[in-house]
Amino acid sequence: MHRFAAICLILFAASPAHSQQAFLMTYGTAERVEEQFGHNAIWIRDPERGVDSIYNFGFFDFDKPGFYREFLFGEMIYFALARDPEDELSYYRRRDRTIRAQLLNLSPEAVRRLTGWLETRVAPANRDFAYDYFLYNCSTRIRDALDFALDGALREATVDEPARLDYRAHTRRMVQDDPLLYVGIEAGLGRPADRPRSRWEEMFLPEVVAETVGDMTVAASAGGREPLVLADRVLYQSTRPPDPERPEFPWMLFGGLAALSAALSAAPSALFRRRALALAGARLWLVFVTAGGLLLAFLWLATDHQAACSNENLLLFNPLAALLWRFRGGRLERIAAAMIGTGLMASVLLKFLPGAQWNHDLLLWLLPAQAALLAVWKSKAVN
């Protein structure tokens, strides 16, 4: 046993447990994109069988041929590994990520069943799995492993319990300190991200798995119920501030974007007289909006990104804006302008209907900009 892992185990020395032990490991967030939602794993210690490994489902290979194509099309492949505890824990400590360990109240038989489930899934023939950010990620694999060890009790206890937040709200609160990432993810998420979820589904986040397991009880051998978690320790505390409990509305970010975008859209009539310069601002905005709309349509219609389906942001990033390119006021342009305007009105009216997508931040940004663009086109100020 290496030094840091051994020190961690000393913290559990006084905890009543069998020699076969299973720990739910939960790791905090960090600044990289793939670190901003936290992570988790399962540490199994079974001296009788010579097992002392941490099973981690969070690996992928940037250098794999076709990785970026798979990422674009929502076909990412993750894989699982059984790691040496010292290597695992030292890595997260170096990344300044909080390390939390929960000793699970499992019988020796349950620990061995859990170990068998994990060993099967880290075997070379089985270790790869198709990744989905919300539905099938590294945390849901840990959730499923624990549910197997508990004979389905985890799912039974949570599948009908409402989640605290939906997928979008959780995502917004976890990335709200990264403006570019926030804008990109918020634009790409469609209606599925707003659907009410169960606690079972909410365990796509490692911290929710830890909270849920910490609140559960199991049948005691002598009758009655006892806690599922025998001991709960923070083995390393990050210097980073804690993650927010709820998302905050980014007034400053999207208010500033709205002002900048509206100014860019209206620049032809306000700032320039020469036609070549007059078209520059509006056309730059048209390129941005069209490219954004085509990307959102691609994610919805041509990829496996399930959370990008039924995306009302297409009414704001309307690809029909490309048809206004000439600013001549022709018939095709009039039809495009009418459809863009109708889409903007629909994006607001949809908010009064059940099941509407939450995109109030993007509305604050894009409605003024698109309205300014249509006003400039209608006035034919650049002709």
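**Exercise 1.** Determine the handedness of the crossing of H7 and H8 in this predicted model, and describe how the two helices pack.

*Solution.*
Step 1. The crossing of H7 and H8 is right-handed.
Step 2. Helix H7 covers residues 167–175 and helix H8 covers residues 179–188; their axes lie 9 Å apart, at an angle of about 165°.
Step 3. Angles over 145 degrees count as roughly antiparallel, and H7 is therefore roughly antiparallel to H8.
Step 4. On the H7 side, the contact is formed by Arg168, Thr171, Arg172 and Val175, which meet Leu181, Tyr182, Ile185 and Glu186 in H8.
Step 5. Sorted by class, this contact of H7 with H8 has 4 nonpolar, 1 polar and 3 charged residues.

**Exercise 2.** Classify glutamine 357 as buried or exposed, and identify its surroundings.

*Solution.*
Step 1. Glutamine 357 is located in the loop between helix H13 (331–349) and helix H14 (360–379).
Step 2. Buried means under 20% relative accessible area; glutamine 357, at 1% relative accessibility, therefore counts as buried.
Step 3. Among the residues that glutamine 357 touches are Arg168, Leu189, Asp194 and Lys351.
Step 4. Its side chain reaches the backbone oxygen of leucine 189 at 3.2 Å.

**Exercise 3.** Aspartate 151 has a positive phi although it is not a glycine, and so does phenylalanine 327. State where each residue lies and whether each is buried or exposed.

*Solution.*
Step 1. Aspartate 151, with phi of about 55°, is found in the loop between helix H5 (138–149) and helix H6 (153–158).
Step 2. Its relative accessibility is 64%, so aspartate 151 counts as exposed.
Step 3. Phenylalanine 327, with phi near 55°, lies in the loop between helix H12 (275–302) and H13.
Step 4. Its relative accessibility is 2%, so phenylalanine 327 counts as buried.

Definitions and conventions. Residues are numbered from 1 along each chain as its sequence is written. This is a predicted model: local features need pLDDT of at least 70, side-chain atom pairs count only at pLDDT 80 or more; totals for chains, interfaces and linings use all residues. Side-chain values use heavy atoms; hydrogens and water are left out. Axes are lines fitted to C-alpha atoms, for helices over the stretch in contact, and angles run from 0 to 180 degrees between N-to-C directions. Helices (H or I, at least four residues) and strands (E, at least two) are DSSP runs, numbered from the N terminus. Angles under 35 degrees count as roughly parallel, over 145 as roughly antiparallel, 65 to 115 as roughly perpendicular and the rest as oblique. A crossing is left-handed if the near helix is turned anticlockwise from the far one by less than a right angle, and right-handed if clockwise. Contact means heavy atoms within 4.5 Å. Ala, Val, Leu, Ile, Met, Phe, Trp, Tyr, Cys and Pro count as nonpolar, Asp, Glu, Lys and Arg as charged, and the others, Gly among them, as polar. Buried means under 20% relative accessible area, exposed over 50%, partly exposed in between (1.4 Å probe, protein chains only). A polar contact is a pair of N or O atoms within 3.5 Å; within protein, one must be able to donate a hydrogen and the other to accept it, and residues adjacent in sequence count only if both atoms are side-chain atoms. Lists of a residue's contacts leave out its neighbours within four places in sequence.
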